[in-house]
Structure formats: C-alpha cells, structure tokens
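Let me put the structure up, and then I'll talk through what I found.

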Amino acid sequence: MRGLLALLMTIVFAVLAVTSKALEGDLQLQNAATRSGKPGEYVTLAFPVIGKGEYDFKLQAPDGWEPLSANRRLTLDGERTLVFTVRVPLEALADQVAVFKLVAAQAEVVKGDAQGSIRVAALGGLRMRAPDEVQLEPGDVVRMKVFVTNTGNAPDTVRLSDVRSLWRVALEPSSFALA
C-alpha cells in the first residue's frame, strides 16, 4: 500500500511540474553567467529561459556599451537559451564591470527580468618614442629623452635596462609607473 501511495504521489508531482512549465504566459528567466573580454572584443551573454508563448525581449546596456542587436521576439515552448553579443568599448578600463538587464514582456506587460555582466579584462600596451637619428663623435656624452605612453587600459610599470651595449649606458629613472 505504501509503495502504491508513493508511486501516485510521484505521478501527481510530475504532472504538476510539467503543467507549471506549460502554462501560457508562464516565464522563467535566469541570469547569464559573468563573462570577460578585452577592449574591442565581442562577448556573448547567454540567458537561459523557460516558458510558453510569445515574448519580446530587450537587453538594456550601460552607457557606452552597445549590443549588436538588443531586441528579440521569440515564441517559447519549453527551454531556450537567449544570446546577445556585445562589443567591449575600446575606452573601457580594466576590471570595470558592465551590468546588463534583460527585460521580457508579453503584450507590452513586463513578465520578468534577468541580469548579465561583463568584466573588462586588462589589455597591456606601450608606445615608445625616441629620436630617429643621433650623430656622435667619439667620447661625446649623449643625453636623450624617450617618451613612453601607456596604450593599455590598466596602470603599468616600466623597467628599463640596456641590452649588450658597447658603450656605458645610464638609464634614469630605471623604473616608472604609468597610469
């Protein structure tokens, strides 16, 4: 008798679970996993959705961030993964986190929302400028300025050293930080 009761309860719960997923207008949105990308890269946010019926989805992006396409209209009948691709802005700073909001509506009535985020990865880069040509006489002491620019999106430290020079070289300073 206990075995039959347990079996009947299992069947009832299974029917209830299937019925709750199949109701018209029932929608479940899940947050997208946090992704990361360097400036200029394309990053895809994947939002798991479960539902039945036709929905309009809109991805709301922070200032300066633009998805390739922000709107979708889907007819759901179960589980799907809704994807949006976003380009990381070239001026985005390392470790900045951009939070996106996905809003779902049915007949212009909001039915749910979810979030996804993109963390900006560090991108290193330096540009160095020095005189193109230097003319010397033997025994001359030469001083020249070298300009170093951080072209990355994170602070960086530069260490200078001579490499197999035939002459005595002094570098001042030998290390410096760039914002």
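First, the rule I used for salt bridges: a side-chain nitrogen of Lys or Arg within 4 Å of a carboxyl oxygen of Asp or Glu. Before I apply it, some housekeeping: what you see is a predicted model, so local features need pLDDT of at least 70, side-chain atom pairs count only at pLDDT 80 or more, and totals for chains, interfaces and linings use all residues. Residues are numbered from 1 along each chain as its sequence is written, and side-chain values use heavy atoms, with hydrogens and water left out.

The protein chain has one helix and 11 strands. By that I mean DSSP runs numbered from the N terminus: helices are H or I with at least four residues, strands are E with at least two. Going along the sequence, the order is α-β-β-β-β-β-β-β-β-β-β-β.

How much of the chain is buried? Of its 179 residues, 26% count as buried. The cut-offs are under 20% relative accessible area for buried, over 50% for exposed, and partly exposed in between, with a 1.4 Å probe and protein chains only. The accessible surface comes to about 13,000 Å², and 53% of that belongs to carbon and sulfur atoms. Those areas are Shrake-Rupley, again with a 1.4 Å probe, and for residues only the protein chains shown count as cover.

On contacts, meaning heavy atoms within 4.5 Å, I looked at pairs at least 6 apart in sequence. Among those, 58% join residues at least 24 apart.

Now back to the salt bridges. The count comes to four, and I'll go through some of them. One of them joins the side chains of glutamate 54 and arginine 73, at 4.0 Å from N to O. Glutamate 54 sits in strand β3, residues 42-60, and arginine 73 in strand β5, residues 71-87, so this pair ties together parts that are 19 residues apart in sequence.

Arginine 73 also forms a salt bridge with aspartate 56, and there the closest N and O atoms are 2.6 Å apart. This one also links β3 to β5, with the two residues 17 apart. As for accessibility, arginine 73 is exposed at 56%, glutamate 54 is partly exposed at 44%, and aspartate 56 is partly exposed at 27%.

Over in another part of the chain, lysine 101 and aspartate 113 meet in a salt bridge at 3.9 Å, N to O. Lysine 101 is in strand β6, residues 97-106, and aspartate 113 is in strand β7, residues 109-120, so the pair ties together parts 12 residues apart in sequence. Both ends are partly exposed: lysine 101 has a relative accessible area of 34%, and aspartate 113 has 43%. And which of these residues end up in one network? Glu54, Asp56 and Arg73, joined by salt bridges that share partners.

The largest pocket has a volume of about 1,300 Å³. Grid points are joined across faces, edges and corners, and the volume is the space filled by probe spheres set on the points.

What lines the pocket? There are 26 lining residues, with Val142, Met144, Val169, Ala170 and Leu171 lying nearest the centre. By class that lining is 16 nonpolar, three polar and seven charged. Here Ala, Val, Leu, Ile, Met, Phe, Trp, Tyr, Cys and Pro are nonpolar, Asp, Glu, Lys and Arg are charged, and the others, Gly among them, are polar.

The peptide bond from glutamate 172 to proline 173 is cis, with omega near -15°, and proline 173 is in the loop between β10 (156-159) and β11 (175-178). Then there's aspartate 95, not a glycine, with a positive phi near 70°. Aspartate 95 lies in the loop between β5 and β6 and is exposed at 55%. Alanine 107 has a positive phi too, about 55°, in the loop between β6 and β7, and is exposed at 70%.

That's my tour; questions welcome.

Definitions and conventions: 1 Å grid on protein atoms, 1.4 Å probe; cavity = no way out; pocket = protein on both sides within 12 Å on 5 of 7 lines; lining within 4 Å.
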